[in-house]
Amino acid sequence: MNNKAKILREALASQDIVKVVGAHDALSAIIGEQVGFDAIWASGLGISATHGVPDASILNMTEFLEAAEVMDKATRIPVIADCDTGFGEVNNVKRMIIEYERRGIAAVCIEDKLFPKRNSFLAGGQDLADMDEFATKIEVAKRTQRTEEFMVIARLESFIAGAGLEDALKRARAYTDAGADALLVHSKAKDAEEVFSFSTHWNQENRKKVPLIVVPTTYCDVETKELIRNQYRMVIYANQALRASVSSIQHVLSNILKSGTSKYIEDEVAEVKNVFNLIGTDDLNQTQQWYEGRLLAYRESGVEITR
Ligand code: SPV
Ligand code: MG
């Protein structure tokens, strides 16, 4: 059984909307969990950025998987892995599913663009994958998974590529028929009209009702209650943690150099104690204390530790 996938499915079944935060490393995932998000999005952009490379299929599957696993191990909430286009063709998707599922990742998301993909917000055109080829990737993914709970999310890039609502709906039908457990409807519009037009049309169709997911980056003024009203069941704040750390580090470091002291930014940065708490230092100390007490007890009783 995949416990975290079960948790994710239960959240989808019981909550109005599942709130997911994009993370780029273990620490951002820990903070996301601490402030109350339901799940982690192991962001392709975030992981690429922490490696200092563009979000353009530069890192390989193993590098993305390791980063997602680090986030998973550091938290108790489910991790949804951004797997770009599935790292290649159908046999790459097959291996991807085996590896991600084995490491306890709750869900993977693949997008219907061509390899090598480019980040959806980059200027210039985007090349969509052939619909039937992508549907077959989804089908092979679902046939490959070993646990019932593991989820495969199909990401629709029709709006990103400028292909429009009809294309998005047609692809959504093909991908859900192929077994997709959820649909991520991506958009880089300035408002949520596009993604809302999709959900309105999609929900009018008498089809399998898979959960719909949004990533409100460019239409950042949309509110959770509007997403719920428009039948979205999961929201991913994909890159706000990454952008927050970039702007904060830029501000703090340049201030230190400019002013020749770190005193002006001292009140703005987290205390070291706060960092210690986030990375489980209390637990480490407790284990050490327990160990020392135990050792003393053995020594005083004269019994040798044999186990
Ligand atoms: C990511 O976080 O890598 C995503 C979401 O795929 S976005 O960059 O917003 O397209
Ligand atoms: Mg991505």
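Predicted model: local features only at pLDDT ≥ 70, side-chain atom pairs only at ≥ 80, totals over all residues.
Reader: Let's start with the ligand. Which residues surround ligand 1?

Author: A residue makes the list if one of its heavy atoms lies within 4 Å of the ligand. Here that gives Trp 41, Ser 43, Gly 44, Leu 45, Asp 55, Asp 82, Asn 119, Ser 120, Phe 121, Arg 155, His 186 and Ala 238. Sorted by type, this shell holds four nonpolar, five polar and three charged residues.

Reader: Okay, and which side chains have an N or O atom close to a ligand oxygen, at 2.7 Å or 2.8 Å?

Author: For a polar contact, look for N or O atoms within 3.5 Å of each other. The side chain of Ser 43 puts such an atom 2.7 Å from an oxygen of ligand 1. Arg 155 also has a polar side-chain atom 2.7 Å from a ligand oxygen, and for His 186 the distance is 2.8 Å. As for cover, the protein takes up 100% of the 280 Å² of accessible area that ligand 1 has on its own.

Reader: What sort of space does ligand 1 take?

Author: That space is the largest cavity.

Reader: Now the cysteines. How many disulfides are there?

Author: A disulfide is a covalent bond between two cysteine sulfurs. The count here is zero. Take Cys 83: the nearest cysteine sulfur belongs to Cys 109 and is 7.9 Å away.

Reader: Are Cys 83 and Cys 220 buried or exposed?

Author: Cys 83 is buried, because its relative accessible area is 0%. Cys 220 is exposed, with 61%.

Conventions
Residues numbered from 1 in each chain as written. Chains lettered and ligands numbered in written order. Heavy atoms only, no water. Polar contact = N/O pair within 3.5 Å; in protein donor to acceptor, adjacent residues only side chain to side chain. Areas by Shrake-Rupley, 256 points an atom, 1.4 Å probe, with all protein chains shown as cover. 1 Å grid on protein atoms, 1.4 Å probe; cavity = no way out; pocket = protein on both sides within 12 Å on 5 of 7 lines; lining within 4 Å. Sits in = over half its atoms within 2 Å of the grid points. Nonpolar A, V, L, I, M, F, W, Y, C, P; charged D, E, K, R; others polar. Disulfide = S-S within 2.5 Å. Buried < 20%, exposed > 50% of the residue type's maximum accessible area, 1.4 Å probe, protein only.
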